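Dear colleague,

I am passing the structure on to you below, together with some notes that I hope will be of use when you open it. Please read them alongside the coordinates.

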Amino acid sequence: MKPCNREMGLNYYQIKKNVLRARKLVIKATNSAGSGHPGGSFSMAEILGCLFYKHLQYDPKNPTWDDRDRLILSKGHAAPGLFSNMAVAGYFPESELETLRKFGSKLQGHPDLKCPGVEFCGGSLGTGLSYSVGVALAAKIDGKNHHIYTIMGDGETDEGQVWEAAMTAAKYKVDNITAFLDRNFIQQDSYTEKIMPLDEKLEGDDISEMWKDASRWKTGDKWRSFGWNVIEIDGHRIEQINSAITKANSTKGIPSIIIARTIKGKGVEHMEDNPQWHGKAPDSDVSPIINLELDSQFMIAPSIIAGDMTNLENEVKRCVSGRADYIHLDVMDGQFVPTKTFDHRKIQELRSLTVIPFDSHLMINEPVKHVRDYVEAGSDIITVHVEVCDESSFGEIHDLLKQSQVGVGLAINPDTDLPEWSYKFIPTLDQLIVMSVVPGKSGQKYIEETHGKMIRLNTVLNEHNFSGCIEADGGVTLDNIDSCFVDGARSFVGGSAIIGKQDVRSAIRDFRNQVLKTKRKILLDKANELGGSTLVKKWIGLHVVGEKQEQIKKIAEEAGYL
Amino acid sequence: MNPPIMTDMRSEYSKTLIELGRENPNIVVLGADTTDSLKTSGFGKIFPNRFFNVGIAEANLVSLSAGLAASGKISFASTYAIFLPGRAVDQIRNGIAYPSPGNKKGLNVKLVVSHGGLSVGPDGGSHQQIEDIAIMRVIPNFRVFIPADTFAVSKLTRLMANEYGPFYMRMARSNTPVVHSESQDFQIGKGITIRDGSDCTIAACGITVRMALEAAESLQQEGISCRVLDMFSVKPIDAELLEKAARETGGIVTCEEHNILGGMGSAVAESVSERYPVPIKRIGAQDMFGESARDNEISLLLEKHGITSFNMAKQVKEIRSRKL
């Protein structure tokens with residue numbers, strides 16, 4: 001009956017893919033409208049992604065279905081974000097987003113019941129939580145089990161009514177509400193900590209300072225003192241959002257709020273942390289560059305076998321505190337590869353330490369016999385090698401993983417190409433690992449021929465509508481990561497180059513900065529291609545926060561675009 | 001005229017809510033720390049799961065009622081007039097009137113207030129809501145009732161429960177004189193000709209209906225036949241009844257305990273001037289605030305603003321001299 005619900009939710013990569021699709025639709029819609037609020041749509045993008053594609057129960061063909069969960073967007077100005085996800089979820093065609101804010105459209109400037117599936121007319125801030133409490137109380141009266149999700153902006157909580165509602169929710173023990181606070185630190189005029197501090201007053205202009213020091217975060221205390229169960233997370237990390245929702249929904253007797261620290265405009269550098277992009281639409285000439293930028297998001301995944309094999313627990317902790325995107329787990333059986341590392345039992349032990357995604361790379365014989373163990377151990381993505389699969393066994397693996405909401409990966413060794421049997425799986429593949437060393441041990445050098453192989457591979461992938469993520473694995477270092485990125489890789493496994501370093505966090509930061517530089521260059525190439533130096537200058541000029549502008553300008557100068 | 005029988009609107013409202021609560025499990029009642037005063041706490045004792053007291057938080061009261069209504073409940077939200085339109089107009093407009101699910105108009109919320117107008121008395125001008133009719137009748141999808149007595153309260157409460165959509169109903173604080181009979185029918189948008197007459201018309205609502213009847217009685221002594229209309233449905237207003245009165249009696253005096261700007265008198269004037277213009281005189285607060293008056297002094301307060309049967313009779317005579 002419904003494509004997306006708690007039983008049929010999507011896996012990590014699929015959620016990410018839909019979030020990306022929705023972000024692009026926000027750009028398209030606000031550009032077409034000539035106004036709108038991309039900043040706040042992007043700060044809550046991952047939250048909506050986790051709701052729409054994993055937790056929320058709904059039926060887009062029957063939007064008034066009685067038992068649906070209710071999603072109440074109290075921060076109504078982020079309507080483009082809501083509508084984009086509704087389109088992706090199937091409520092209406094994506095093309096309809098081009099009618100946003102236009103005369104005769106059901107996609108009003110703020111969410112409106114005119115659009116079937118919208119639960120709340122937002123726009124007047126500070127009223128959504130009260131409304132949600134009403135909806136929640138009605139569900140209790142009727143003995144219904146559906147859940148109410150309410151998304152508030154941080155600036156919105158300046159409104160006193162929010163706290164009236166907070167008290168009411170606690171008084172009536174409405175545990176069927178899970179509220180989100182999209183804590184992006186920016187409201188219309190400026191940073192929240194300058195206009196009306198929710199944490200501590202911000203000294204200076206660098207909002208990123210507020211991220212660094214948890215002792216300055218007071219917002220959670222406010223909600224706790226109002227009788228709420230408070231869960232604080234990084235609101236752009238899908239695994240943290242998912243885990244927080246699960247915890248919140250299982251907390252009985254009191255209402256729950258997830259305080260999600262987010263970045264306004266997340267995903268587009270010049271919009272990020274920039275109050276100017278609260279309510280402004282991107283121009284047509286820069287929209288294609290923004291789309292390319294969104295497509296260029298990348299992830300860093302340390303491989304813990306490069307560390308201390310006798311204390312993998314500690315290696316996992318280093319990755320988490322080092323802000324890795326996920327952890328790459330090299331499972332070797334001593335048969336498919338000569339070395340032996342660990343198996344699913346170890347993964348199960350490590351799983352209890354963290355919610356960070358586990359990317360289990362099975363370098364084992366007959367993976368079809370073992371893959372279920374790795375699902376049950378708590379893997380988020382499981383990759384098996386083409387060398388030990390055939391169409392039938394991989395088909396079995398593929399279906400099991402999809403059903404289990406686990407990402408499906410295929411890996412190929414340096415001397416292997418994608419076999420023809422695998423082509424039919426390409427469209428639904430979440431990840432392709434292209435090995436750039438002979439698997440078996442850590443610390444090898446990157447095989448240069450991989451670059452040539454990537455060119456051939458990309459042709460095959462394009463022909464078969466690949467929409468997953470290419471992961472570069474083997475000998476990836478600061479010296480070659482940029483060329484891997486240019487080849488099309490969007491996630492990078494770092495072995496000794498990350499885990500081998502004393503300071504994992506700075507090693508990951510160095511990796512990110514290196515890729516970022518390449519990414520910025522590619523975007524400048526695009527600007528130059530589309531509009532010459534005029535557009536290059538305009539693009540650079542958009543980057544007004546921090547030191548971005550100087551850095552990008554330097555890249556443009558080196559490329560001869562200025 | 002016989003001395004009036006005085007009855008309490010709030011008790012009648014409470015009694016009717018309880019009856020409705022028994023008949024319909026979707027009726028919910030909300031209050032904001034005035035539930036003993038409004039007497040809605042009686043509903044709460046019988047139906048504790050369908051009764052919510054949100055404390056002194058009117059904005060919250062309104063939005064919460066909207067949320068319940070959006071989920072199929074029929075919300076009756078009540079407090080003093082001064083704290084609903086006077087305080088939570090944004091929540092009323094954007095939260096109740098504006099959201100229109102499917103082909104419906106607005107959400108199914110009934111805002112029922114007491115302590116409307118100047119007759120609030122001792123609490124003073126800060127608590128005498130003389131702007132609510134004006135505020136509520138300009139909000140699309142809202143319908144506005146000003147009942148004159150407890151029969152009207154009971155029947156209109158029932159009517160609102162059975163009719164989908166947003167309503168505002170304003171009751172008086174003090175006991176009010178009975179002017180209708182139990183068999184009186186009340187319909188949305190239909191005024192009531194409570195006394196016929198051919199020389200002039202007085203259009204009244206709420207506590208001024210009885211005064212209008214007294215004015216008509218005294219005019220009768222002077223040989224003037226005065227029609228009296230109970231315009232309890234301020235919105236929609238009964239344009240046909242008003243046009244008929246204009247045609248047949250040639251002039252209309254209105255009287256209400258509300259600012260003359262934007263109130264029932266304005267609604268009458270707007271309607272009549274478009275359909276059949278005749279001289280009109282509006283009695284009410286002349287764009288000024290009220291003040292404290294003990295219960296036995298309320299008549300003095302009303303008199304200060306010209307809200308008396310004597311003044312109505314005087315204005316009727318004045319208007320007759322201006323007839324077109």
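**Backbone points in chain B and chain A**

B:Asp287 is placed in the loop between E14 and helix H11 (298–304) of chain B, where helices (H or I, at least four residues) and strands (E, at least two) are DSSP runs, numbered from the N terminus. Although B:Asp287 is not a glycine, its phi is positive, at about 55 degrees, and with 53% relative accessibility the residue counts as exposed; here buried means under 20% relative accessible area, exposed over 50%, and partly exposed in between (1.4 Å probe, protein chains only).

Before going further, please note that this is a predicted model, in which local features need pLDDT of at least 70 and side-chain atom pairs count only at pLDDT 80 or more, while totals for chains, interfaces and linings use all residues. Residues are numbered from 1 along each chain as its sequence is written, chains are lettered from A and ligands numbered from 1 in the order in which they are written, and side-chain values use heavy atoms, with hydrogens and water left out.

A positive phi, of about 60 degrees, is also found at A:Gln405, which is not a glycine either. A:Gln405 belongs to the loop between helix H15 (391–403) and strand E10 (407–412) of chain A, and its relative accessibility of 16% makes it count as buried. In chain B, the peptide bond that joins B:Lys235 and B:Pro236 is cis, with omega at about -5 degrees, and B:Pro236 sits in the loop between strand E12 (233–235) and helix H9 (239–249) of chain B.

**Strands**

Strand E13 (residues 252–259) of chain B is largely enclosed by the rest of the structure, because eight of its eight residues are buried. E13(B) pairs in the parallel sense with strand E10 (residues 200–204) of chain B over four bridges, two strands being taken as paired if DSSP finds at least two bridges between them. E13(B) also pairs in the parallel sense with strand E14 (residues 280–285) of chain B, over five bridges.

E1(A) pairs in the parallel sense with strand E2 (residues 148–153) of chain A over four bridges, and A:Leu71 stands opposite A:Tyr149 in E2(A).

**Charged side chains**

Over all chains the structure holds 52 salt bridges, a salt bridge being a side-chain nitrogen of Lys or Arg within 4 Å of a carboxyl oxygen of Asp or Glu. One of them joins the side chains of B:Lys73 and A:Asp142 (2.6 Å, N to O). This pair crosses between chains, from the loop between helix H4 (58–70) and strand E4 (74–80) of chain B, which holds B:Lys73, to the loop between helix H5 (128–141) and E2 of chain A, which holds A:Asp142. B:Lys73 counts as buried, at 1% relative accessibility, whereas A:Asp142 counts as partly exposed, at 39%.

Within chain A, A:Arg183 and A:Asp199 form a salt bridge whose closest N and O atoms are 2.9 Å apart. A:Arg183 lies in strand E3 (residues 177–183) of chain A and A:Asp199 in the loop between helix H7 (192–195) and helix H8 (209–212) of chain A, so the pair ties together parts that are 16 residues apart in sequence.

Within chain B, B:Arg87 forms a salt bridge with B:Glu58, the closest N and O atoms being 3.6 Å apart. Because B:Arg87 lies in the loop between E4 and helix H5 (89–97) of chain B and B:Glu58 in helix H4 of chain B, the pair ties together parts that are 29 residues apart in sequence. B:Arg87 counts as exposed, at 59% relative accessibility, while B:Glu58 is buried, with a relative accessible area of 5%.

With kind regards
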